[in-house]
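Thanks for passing this one along. Here are my notes, as numbered points, for you to read beside the structure.

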2 protein chains.
Amino acid sequence: MDLDERKYKILQAIIDDYIATAIPVGSRTISRKEGMGLSSATIRNEMSDLEELGYLASPHTSAGRIPSYRAYRLYVDQLMRVSSLPVTEYTNLKRMFTSRMGQMEDILLTATQALSELTEYTSVMIAPSVHTIKRVQLVPITENTALMVTVTGETIHKDTVIRIPDGVSPDQLYMLSNLLTQRIAGKSLSELPEIFASLSEELSGQQSLFQQMMDSLQKQLKPDARSLHVAGAAKMLKHPEYSDMGRARNLLSSLEEQEKMANLLMQHSGMEFSVAIGPELSDTGMQDCSLVTVSYKVGDGIGTMGVIGPTRMQYGRVLSVLDAMKNVMNEALLSQKGLPGENEEQT
Amino acid sequence: MDLDERKYKILQAIIDDYIATAIPVGSRTISRKEGMGLSSATIRNEMSDLEELGYLASPHTSAGRIPSYRAYRLYVDQLMRVSSLPVTEYTNLKRMFTSRMGQMEDILLTATQALSELTEYTSVMIAPSVHTIKRVQLVPITENTALMVTVTGETIHKDTVIRIPDGVSPDQLYMLSNLLTQRIAGKSLSELPEIFASLSEELSGQQSLFQQMMDSLQKQLKPDARSLHVAGAAKMLKHPEYSDMGRARNLLSSLEEQEKMANLLMQHSGMEFSVAIGPELSDTGMQDCSLVTVSYKVGDGIGTMGVIGPTRMQYGRVLSVLDAMKNVMNEALLSQKGLPGENEEQT
DNA sequence: GGTTAGCACTCATCAAAGGAGAGTGCTAAC
DNA sequence: GTTAGCACTCTCCTTTGATGAGTGCTAACC
């Protein structure tokens with residue numbers, strides 16, 4: 001079952017070649033490769049073995065071989081070399097984030113677009129989900145409505161409209177906000193129910209208001225589809241595997257289903273790196289794609305970004321780009337706090 | 001130069017047919033149409049005239065004719081009949097908005113998706129831009145930063161992170177917010193500079209803080225690319241005009257350029273309806289598309305939504321869908337305020 | 001004079017046929 | 001174990017011819 005040294009080498013050469021060209025690779029192509037030193041006939045025999053082992057497949061009798069999903073799995077796990085991103089590219093990337101970057105949203109948007117530009121594939125990103133709250137404040141809108149602003153980190157905040165019972169003044173809302181903030185700050189989602197329970201005893205008569213606040217807090221702490229960014233979907237059409245219209249449309253439709261995509265990414269959340277190949281994505285309708293993801297941290301929140309491409313993906317390149325992006329984003333998010341002297345890590 | 005009754009009728013029949021089928025229409029097809037009562041030969045003569053007048057073109061000698069951009073212009077301006085949306089579809093549409101709709105964002109998202117579903121084209125939407133402010137509030141985040149929340153309407157609000165000078169307490173921020181709100185509420189962008197001038201005299205020493213707030217207010221009042229929604233881009237691939245990969249990619253890339261799209265929509269902002277056909281869109285890289293837009297109002301803000309499709313677009317249908325959507329959105333946004341009894345119009 | 005039937009002509013589209021090229025599998029020799 | 005050689009397979013491309021839709025023109029018709 002195990003492959004010997006030579007088979008590994010040949011398989012790697014085949015995959016490398018196929019990733020680069022997208023055309024089935026023949027025995028002669030490999031035998032002519034630098035450092036191979038074997039005739040095409042020998043390669044042919046080895047290829048035949050590899051096919052039997054399930055690593056290669058031939059589209060038809062007299063085409064070359066193409067790697068199977070299994071081969072890509074092996075490639076990613078063992079054969080691939082991941083070089084770090086060239087310095088020039090890395091500095092370019094960094095520069096994109098040092099210009100007038102404002103909000104979290106801007107950073108995510110820029111990162112998503114850059115990811116797609118650098119890889120020539122589609123990129124997806126979900127904003128970090130957060131689990132503790134720093135501050136809650138009610139901002140009056142009309143007599144009977146207020147905006148509930150939740151600050152969950154230096155850079156992340158969300159809002160919902162809340163209905164206010166009659167006869168509650170703006171100043172009362174302010175007091176309430178302060179009280180709530182005091183009790184809630186630093187607590188996690190699971191602790192909220194007790195806090196609310198004790199609070200509503202203290203401040204009885206405001207049940208409906210509390211209930212609303214509780215509900216929206218819970219909603220806000222869950223990562224939602226709205227925090228999903230997708231960039232470079234059109235880039236997929238560049239790759240020959242999507243010259244078939246039906247396939248292309250399928251893929252693009254999947255990418256547009258924000259909920260689905262967000263869930264998919266969430267599944268990989270927290271994993272430092274992860275690579276899902278072809279059939280491993282079958283429940284998402286993207287059977288002939290691969291998804292490479294990395295997670296990044298912002299404060300105590302974890303976000304995930306990924307690159308979607310054909311199974312014949314430049315895994316090595318994509319991984320190095322993602323790794324670089326993770327670093328650059330971290331730096332950007334740290335410096336973005338606007339608090340020189342408070343940065344926890346190196347600049 | 002003017003066309004007689006019969007030419008109008010024939011041209012209309014040709015355009016209708018071409019819009020429905022996307023294949024060049026021949027003289028026989030038209031002559032067989034109900035209520036035409038002319039032989040193919042006669043139609044042929046008329047078509048020949050129409051071609052000379054620039055309303056028709058033939059892809060090659062023995063294909064039928066296809067309408068020119070000029071013909072579509074004429075069609076939209078004079079020939080087309082816009083029926084209002086069938087009642088069943090309208091009620092379906094309404095139902096989508098009556099379920100648990102929360103924020104403005106949700107409504108926009110739903111509307112954009114529905115628009116694309118109903119028309120089978122791509123839809124775009126920008127959130128209403130606003131010109132007066134109802135309330136400003138600073139919410140402390142850390143020692144040195146605060147979130148500036150601006151409420152500009154019952155449903156619209158934006159936020160930016162602001163840097164706070166040392167030694168300003170949360171309560172001071174609250175006071176400041178109230179003072180600012182008092183002075184600013186109901187004023188428009190152009191009046192802001194004076195207000196700030198007089199305020200900064202009163203509260204000297206807080207120049208940098210004021211400057212920041214001023215800057216972000218101005219930024220917030222401008223509609224930005226971030227408020228753009230696009231839905232159903234993949235739908236374009238369904239239409240035969242985009243079976244050519246290069247063309248399809250061009251279009252999809254354009255759709256991804258949020259800034260460009262937002263600007264394009266802004267150009268049509270305020271117009272009740274507008275239709276831009278083919279070459280009229282040439283500066284956007286979508287020469288062979290058409291864009292139909294309508295504007296909708298939310299409070300004193302005006303938003304714009306549109307549908308992008310091939311020049312061979314079902315203009316009548318699209319217009320009626322957009323009109324219906326405008327109404328439904330208005331209702332949704334009114335009822336969404338959560339203030340029964342305060343609705344300015346019928347429910 | 002407008003309308004129509006008839007006919008020659010044009011051109012895209014489709015299917016069939018044949019050649020070229022790439023690649024394989026097998027066999028026999030090294 | 002490795003390699004050269006060769007027959008064989010199958011896709012891809014081009015050519016060819018048939019089909020059919022549609023036009024433009026002319027001459028006849030009302």
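1. I'll begin at the DNA. The surface near DNA strand D divides into five nonpolar, 12 polar and three charged residues; here Ala, Val, Leu, Ile, Met, Phe, Trp, Tyr, Cys and Pro count as nonpolar, Asp, Glu, Lys and Arg as charged, and the others, Gly among them, as polar. In total 20 residues surround DNA strand D, and the closest are A:Thr61, A:Ser62, B:Gly26, B:Ser27 and B:Ser62. A residue is near a strand if its C-beta atom, placed from the backbone, lies within 6 Å of it. The elements that give two or more residues to this surface are α3 of chain A together with α2 (27-31) and α3 of chain B, and α3(B) gives the most, with four residues.

2. A word on conventions before going further. This is a predicted model, in which local features need pLDDT of at least 70 and side-chain atom pairs count only at pLDDT 80 or more, while totals for chains, interfaces and linings use all residues. Residues are numbered from 1 along each chain as its sequence is written, and chains are lettered from A and ligands numbered from 1 in the order in which they are written. Helices (H or I, at least four residues) and strands (E, at least two) are DSSP runs, numbered from the N terminus.

3. Now for the other DNA strand. DNA strand C is surrounded by 20 residues, the closest being A:Gly26, A:Ser27, A:Ser62, B:Thr61 and B:Ser62. At least two residues of this surface come from each of α2 (27-31) and α3 (40-52) of chain A and α3 of chain B. The largest share, four residues, is that of α3(A). By residue class, the surface near DNA strand C has five nonpolar, 12 polar and three charged members.

4. Please look next at a helix pair in chain B. Helix α1 (residues 5-21) and helix α3 (residues 40-52) of chain B pack at an angle of about 90°, their axes lying 10 Å apart. Axes are lines fitted to C-alpha atoms, for helices over the stretch in contact, and angles run from 0 to 180 degrees between N-to-C directions. α1(B) and α3(B) are therefore roughly perpendicular to each other (angles under 35 degrees count as roughly parallel, over 145 as roughly antiparallel, 65 to 115 as roughly perpendicular and the rest as oblique). B:Arg6, B:Lys7, B:Ile10 and B:Leu11 of α1(B) make the contact with B:Ile43, B:Glu46, B:Asp49 and B:Leu50 of α3(B); two residues are in contact if their C-beta atoms, placed from the backbone, lie within 7 Å. Four residues of this contact are nonpolar, none are polar and four are charged.

5. How many residues does each chain bring to the contact between the chains? Chain A gives 35 residues and chain B gives 36 residues. On the side of chain A, β4 (135-142), β5 (145-151), β6 (157-163) and α10 (245-256) each give two or more residues. That side divides into 15 nonpolar, 10 polar and 10 charged residues.

6. The strands of chain A deserve a look too. β4(A) and β5(A) run antiparallel and are joined by seven bridges (two strands pair if DSSP finds at least two bridges between them). They form a hairpin with two residues between them, and A:Val149 in β5(A) is the bridge partner of A:Gln137. β5(A) also pairs with β6(A) in the antiparallel sense over seven bridges, where A:Ala146 has A:Ile162 of β6(A) as its bridge partner. Six of the seven residues of β5(A) are buried, so β5(A) is largely enclosed by the rest of the structure; a residue is buried if 20 or more other C-beta atoms lie within 10 Å of its own, exposed if 12 or fewer, and partly exposed in between, with C-beta atoms placed from the backbone.

7. In chain B, three strands form an open sheet in the order β4-β5-β6, with antiparallel pairing. β4 (135-142) and β6 (157-163) of chain B stand at the edges, each with a single partner strand, so one side of each is left without a neighbour in the sheet. The twist averages 25° from one strand to the next. Helix α7 (residues 170-184) of chain B packs on the sheet, touching β4 and β5 of chain B, and its direction makes about 160° with that of β4(B).
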